[in-house]
Amino acid sequence: MSGLLIRPRIRPRVAVVLVYTAAMCMNGLDSTIVNPALYTIAGDFGRPLSAANTVETAFLVALAVGLPVAGWLGDRFGTKRVFLGALTAFTIASAVCGLAPDLNTLVVARAVQGLAGGLLTPVGMTLLFRAFPPHERMKLAKVLIVPTALMPALGPPLGGLLTEHLSWHWLFFVNVPIGTAAVLLGVFGLREHVEGPEGKFDVLGFWLATPALGLLTYALGFGPSQGWTRPAVAVSAALGSVLLVAAVLHQVRAKTPLLRLRLLADRVYGSASALAGVTAAGLMGVLFVFPLLYQASLGASALDAGLSVFPEAVGLMLASQVVDRLLPKLGPRLLTVPALLVAAAVFATLAIPGVAENAWTVRGLMFLIGLVLGTAVLTVQISGFESIGPADMGQAMGLFQIVRTLGGALGIAACAAVIGGGHVTEAAADPGPYRTAVWVTAALVAAGALIALRLPREAPQPPPFDDEEAPPRGEDLAAGEARAVKG
């Protein structure tokens, strides 16, 4: 009886927003919060820092491994069931991380966190976009920006604060009450949606795509710091590339592929996905290389360099207030192309000699990057799925996240290759290579403006009759019951 009393009081779309935001904040925060604590973790367990780095390696590789199967799992077993299952696993793994008695336990639990996180993002966005028809998604800018911008930016300072004043265990314990509350809210507030994918599970596609993404993520993430010729990195890069090519060829030919690459043929969605990869490469690249340039130019500390890019997150937050107002008036193309061109100009300005030496100029430019590039990124993310129907939403989200993840990793790797490894030493008095790397990121963002010309001119329009309380398109919400399973 209690479930019957509680459930009607939770508006489904409100529940989707709250549960999605909570889960994505946990996931976004955990992608960066552990970095400042690695020295402490290594010391507590009596292990070298190189061993403690496997804590992050396990998370990043497992996250990439989870992406290819996210869309299929959501369609097969239901987005609510898969999302809440992944969120439960993430929460339990967080508790195990906090209680870990040794480094091996921490690494395994961190890998479970990463695997669950790889499912959370695409399945969570599928829930969100199925709950809001295209013309209402402009309202989601304020929701999407919090986990994607603010949480990763808050990770390092919050991680340092908790480690210094409490202990590194609390980096993971903070997830437990938030995750528990989100799961309970999701159980009563979310509605199920099962597409029931046709055909059998693509076993060959799974064994090609999954290790390909894991190996490439490992190589791109650790090649710059460990050296591209190190056997583990070189083998991962070569084998991952071969498997990725084989996976693409198989997915294109398969009748029921694990990843529907044919969705990329859609003009709007394909352009949005390409833009996601290019802008992620530019943004992640500049956030990686500019703190190094800042240290090389000013001799600043690592903490000061990290804080120098924090205004970018503030600009992104403001962008979320801008997009939902300008997108209906200007349309995706007219809003995105100028924003990307301005962002490329700002990136290039950071590379001009003398600019990095002025702390307040740097902060202002970083804020501007967040504002203009954030406007473009949010516009693409909101409008890029206009032509994707509910039946393909899960697959489209998974593919979109894969492209964006690989784009960000490639951007960092490209910058690291230009600067020769990505480390600032006492001998690195010449900031020239770092400025060159920043120019590379500016060129990537400028190239994105050409792709943005393929975006539609007009913003998504409401149907002839618009009911704010209408159920999401493609779902049967009659009588407060979950959508019937197909088949």
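View 1. The model shown is predicted, so local features need pLDDT of at least 70 and side-chain atom pairs count only at pLDDT 80 or more, while totals for chains, interfaces and linings use all residues. Residues are numbered from 1 along each chain as its sequence is written, and side-chain values use heavy atoms, with hydrogens and water left out. Thr279 sits in helix H13 (residues 267-298), where helices (H or I, at least four residues) and strands (E, at least two) are DSSP runs numbered from the N terminus. Leaving aside residues up to four places away in sequence, Thr279 touches Leu340, Leu373 and Val377, contact meaning heavy atoms within 4.5 Å.

**View 2. The crossing of helices H15 and H17.** The axes of helix H15 (residues 311-330) and helix H17 (residues 359-383) come within 7 Å and cross at roughly 40°; axes are lines fitted to C-alpha atoms, for helices over the stretch in contact, and angles run from 0 to 180 degrees between N-to-C directions. H15 and H17 are therefore oblique to each other, since angles under 35 degrees count as roughly parallel, over 145 as roughly antiparallel, 65 to 115 as roughly perpendicular and the rest as oblique. Residues of H15 that meet H17 include Pro311, Leu318 and Leu327, and those on the H17 side include Arg363, Phe367 and Ile382. The residues of this contact of H15 with H17 divide into 14 nonpolar, six polar and two charged, where Ala, Val, Leu, Ile, Met, Phe, Trp, Tyr, Cys and Pro count as nonpolar, Asp, Glu, Lys and Arg as charged, and the others, Gly among them, as polar.

**View 3. Val440 and Val286.** Val440 is found in helix H19 (residues 432-452) and, at 27% relative accessibility, counts as partly exposed. Although Val440 and Val286 are 154 residues apart along the chain, their C-alpha atoms are separated by 8.9 Å.

**View 4. Cys25 and Cys97.** Cys25 is buried, with a relative accessible area of 15%, and Cys97 counts as buried at 0% relative accessibility. A search of the whole structure finds zero disulfides, a disulfide being a pair of cysteine sulfur atoms within 2.5 Å.

Notes: Buried means under 20% relative accessible area, exposed over 50%, partly exposed in between (1.4 Å probe, protein chains only).
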